[in-house]
Amino acid sequence: MTIQQRPWTYFRKYGFLLLSLTLTFITVETQLIYRSIHEKKGAEVVNIAGRQRMFSQRLMNLAQQKKYEKAHEVSLKIDKNHQLLLNGGGEKKLPPAYTLKLRKQYINLSSNVEEMKAQTKCLAQKNCSSKTKSKKSLLDTSEDFLPKMDQLVNQTSKYLESRATWNSLLQVLLILSFCGMTILSFFVIAYPQFKKQKEKNKNLQKDKQRSDMLESAAQIGSWSWNPNTDEIHWSQEVYKIHGVQPNTPISRAKGMEFYVEHERPRVQKLLDDVLTQKIRVDGHFEFHAQDGRVKWVRVIAEPILDNAGHIIEVAGVFQDVSEQKLFEKKLVESKKYLELAMEGAYLGIWDWYLSDNSVKFDRRWAEMLGIDFNTIKMELSTWESRVHPEDLPKVYEDIQTYMEGKTDRYQNIHRMKHSEGYWVYILDQGKFSDFNSDGKPTRFTGTHLDITETVRQQERIQQLELKNKESESQTQMILEGAHIGIWRFFPAENHLIWDASMYKIYGVNPNDFEGHFDAWKKTLVPEDTKQAVREFEDFLSGQTPKFNTSFRVMDNKGEIRYIRARAQIFKDSDGNIEQVIGVNWDITAEYQAQKELEQQKNLSQRNARLASIGVLAAGVGHEINNPLSIIKGYMITLKDKQRKGEINEEVLNTYFRKIAVAADRIASIVKGLRTFSRADDKVKKVFNTQRVIKETVDMVNEIYAREGIQISLVGTDDANFKAQGIFGSRGGFQQILMNLLSNARHALKGSHNKSIEVLMAQKKDQQEVTIRDYGSGIQTDLLDRVFDPFFTTKNVNEGTGIGLSMVHSLLEEMGGHIEARNHSAGGAEFIIQIPSQPIHQNHLLATKNDADTSPPLRSRRQHGAYVGKKALVVDDEAELRQILSTLLSLMGIKAKSVGSGAEALELLKENSARYDLVISDIKMPEMDGLELNKRFFGSHSSKSDRPIWILTTGGVNQDLSKLDPSLTVDGYFYKPFDKKDIEEILKKLFSKKPDSFAA
């Protein structure tokens, strides 16, 4: 259809219908207007007639009362209304029907009206002639006129009702005619179109069936998504791939659940690219069908734009490519297996294309000869020119022999020149790998194997065979000197042979070794047995190409040695393992050196942390002195009030509460120092980053404030940051913060804006902490060097240059990253980024209690109150002994206290059964708490009647959770303590009553 034909076609289809509707509308509207006017005028006539009747009744009443003047006025109104009726109701004439039907009746009443008018006039003027009086009286005329008016009013109303009925009937007929014309128009115009559309739908249905059949055959479905309404449509094949019943309502969120979790961000990015960049995208994704089967699908998405360039729909295809992916995976695995096999055997591959005499070498082929693979010439002359001239004729002879079919493969050993000038021995093997349609070979493929060492080894073996036993002894001495042992294992016979060096390395007596696989297993440390055995069995089965591992063994003296092991498999002509030859050597010294280096590193980090505490000493002293002054002040005030007799319960409670608050403040400061100084660099867990930051800032705030430096925390209200933590060393992260804050403090010397900002933000799966100062900044050319060891911009004796290097190292251990840069407002900032993890309830509890009293090591069953229990309190501080004894007595425990470990040991030796509980301080002169514990349990053989043993300490850098395992300790708590701390630990320890305690 052309553009010129289109308007006429539209008119032909819809013009007749539109015209009929328009005419019908005009007709109906005209009738409605006519009817409205008709009813209005008719109502006006009825109204006038009604007034006539009313005036007639009034005239008759006035005539009866002989009030002729008023009667004459009423008769004039009757005359006026009568003239209106004769004129059809007023200026606007009534339709002809009124003129014909009613006018005659109005004319018939005119004589009565004139007569009443004349009579009322003469009666009012009192000048009626006898002639006039001889006529009917006014009363008679009025009585005669009134029923005629009633009759006229009724007739007028009935006439109007009949006209309304006819108008309604006409309107119904018009509506019926409209419906008829509409139906006729439908059959004339719409039905052919409907029939065509039905035929078209039928064809579309067939096309859809064919499309569904093709989609099913190709496993490709179609889909569409309206981003404005979020409406999704899937074809039958898409439902089938998902394993969902067709026409099941689906949403984008529900569709996203089919993809495995790690694929969902990629799918979302694909849709985002379509919406933002308006491009066609294509991707492969791992997918779980409704029945749980794992599939791979290919998704293609393309935007559909309107004339304004806005996306109105995203459409695409959905294809099941699981078989293709499986094939690709097998292909990759096969290729990888081949690569590993070739790599393990160190074989080079070559291809000789016989049709054009071209060749192709792989990278290992080039490496054997020391040739750069990127510059190698793929020519036959590259190989031919490097073959030893004496060996080349034999090479071609063997090739010709194979080509003539005299051998099943080509095989030759020849020398080739290395790029460094020496000769290497090559085992060259090959076969035809491709043929043309006539069966003639077109491709010759083979491998290169460097057997120089083997050849030389054979030469050496031959030479060694000529030597006497003295040379063999010398060889053994060399192996022993290098601490290398050689072993052979024959799997078929389960026979293991060790040389003399192996027995020395393992510290095993040859007479005690049984010479089989299990005998070797017995030498392994139990914790390493499973791993070492599995690695060796995987090597034998071919699951791993190499056996290169390390493990621990225990010699006949009970000492642990660290062993390194390597091996190679040798097979027979049938491909079965004939024997495994391996070497072992002792790496104990290397391991201990590495361990010592690691310990030195940890010690260095801890010393740096303790050095930071030294820097904090002044501030901490000030922080502790403040609450101490408060406590002392209230004690003096209490003493004064006691002297004056002004003490009552309210005063005591108020002062005790304030003293308790000050004491808790001191405890909090000590706990912070204990947490910071703890040697927990190797203890990694998820901890609350925000809490550690706040604790660290609280420790240094007082010191920095006295220098005019303000530290502000930004982002403390970030809910996402609060809910996330990091996995690593809590103390290590605190050391990072201390070093960076110290660095910022130094940078503010001479600066007017003495501010340090600590900014916290959660960004996707990372936590970002920024330490920002407003100093002079860092020179641009030095930004890349600030984390180098021993690099510093500080003056001599102001810094060592290891602080930022340590920060960088500690962050790397946590999987984090740090960047230094200058910011626009002046000064420098250090941005830390560390992977974050959600803080679960157990992590929150661990973080909250990581510096608090740890749970007891053992527990007992609670059996009521502690009345009757006896305790021995050991502490060199008399006041602490007294306080602890008093608190125990409040719980019903009778306590005896001594001031030294030696005194306590004597009492326990006399009768340890008399005490149910021992609470001992760790740090005491002469004999400390640890020594007391060792001596008592070293001599106390019975475990069933021993007392519960609790240790206490006030040291800030002592971690009681890492006590020597040889100690017998049931629980511990830190100073300062209160009654609640003691009740909590005793409740746990007395909750069970064991038959015995293991030492």
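A search of the whole structure finds 29 salt bridges, a salt bridge being a side-chain nitrogen of Lys or Arg within 4 Å of a carboxyl oxygen of Asp or Glu. The model is predicted, so that local features need pLDDT of at least 70 and side-chain atom pairs count only at pLDDT 80 or more, while totals for chains, interfaces and linings use all residues. Residues are numbered from 1 along each chain as its sequence is written, and side-chain values use heavy atoms, with hydrogens and water left out.

One of the salt bridges joins K394 to D398, with the closest N and O atoms 3.3 Å apart. Both residues belong to helix α14 (residues 392–403), where they are four residues apart, about one turn of the helix. Helices (H or I, at least four residues) and strands (E, at least two) are DSSP runs, numbered from the N terminus. K394 is partly exposed, at a relative accessible area of 43%, whereas D398, at 15%, is buried. Here buried means under 20% relative accessible area, exposed over 50%, and partly exposed in between (1.4 Å probe, protein chains only).

A salt bridge also links the side chains of E404 and K406, at 3.1 Å from N to O. E404 is partly exposed, with 44% relative accessible area, and K406 is exposed, with 63%.

Another salt bridge is formed by R946 and D970, at 3.0 Å from N to O. R946 is in the loop between α29 (929–939) and β26 (948–953), and D970 is in the loop between β26 and β27 (971–974), so the pair ties together parts that are 24 residues apart in sequence. R946 is buried, with a relative accessible area of 3%, and D970 is buried at 1%.

The largest nonpolar core contains 41 residues, of which I693, F733, I736, L740, I756 and I771 touch the most other members. A nonpolar core is a set of buried Ala, Val, Leu, Ile, Met, Phe, Trp, Tyr and Cys residues joined through side-chain atoms within 4.5 Å. At least two residues of this core come from each of α22 (689–706), α24 (730–747), β19 (755–763), β20 (766–773), α25 (803–813), β21 (817–822) and β22 (828–838). The most is given by α24, with seven residues.

On the surface, L169, V172, L173 and L176 form a nonpolar patch with about 370 Å² of accessible area together. Patches consist of residues with over 30% relative accessible area and no salt bridge, like charges being joined within 9 Å and nonpolar side chains (Val, Leu, Ile, Met, Phe, Trp, Tyr) within 5 Å. Accessible areas come from the Shrake-Rupley method with a 1.4 Å probe, and for residues only the protein chains shown count as cover. L176 is found in helix α7 (residues 138–218) and is exposed, at 54% relative accessibility.

A positive surface patch is made up of R58, K67, K70 and K77. Lys and Arg count as positive, and Asp and Glu as negative, with His and the chain ends not counted.

K722 lies in helix α23 (residues 719–723) and is partly exposed, at 39% relative accessibility. The C-alpha atoms of K722 and M760 are separated by 9.7 Å, with the two residues 38 residues apart along the chain.

How values were computed:
Charge placed at Lys NZ, Arg CZ, Asp CG, Glu CD.
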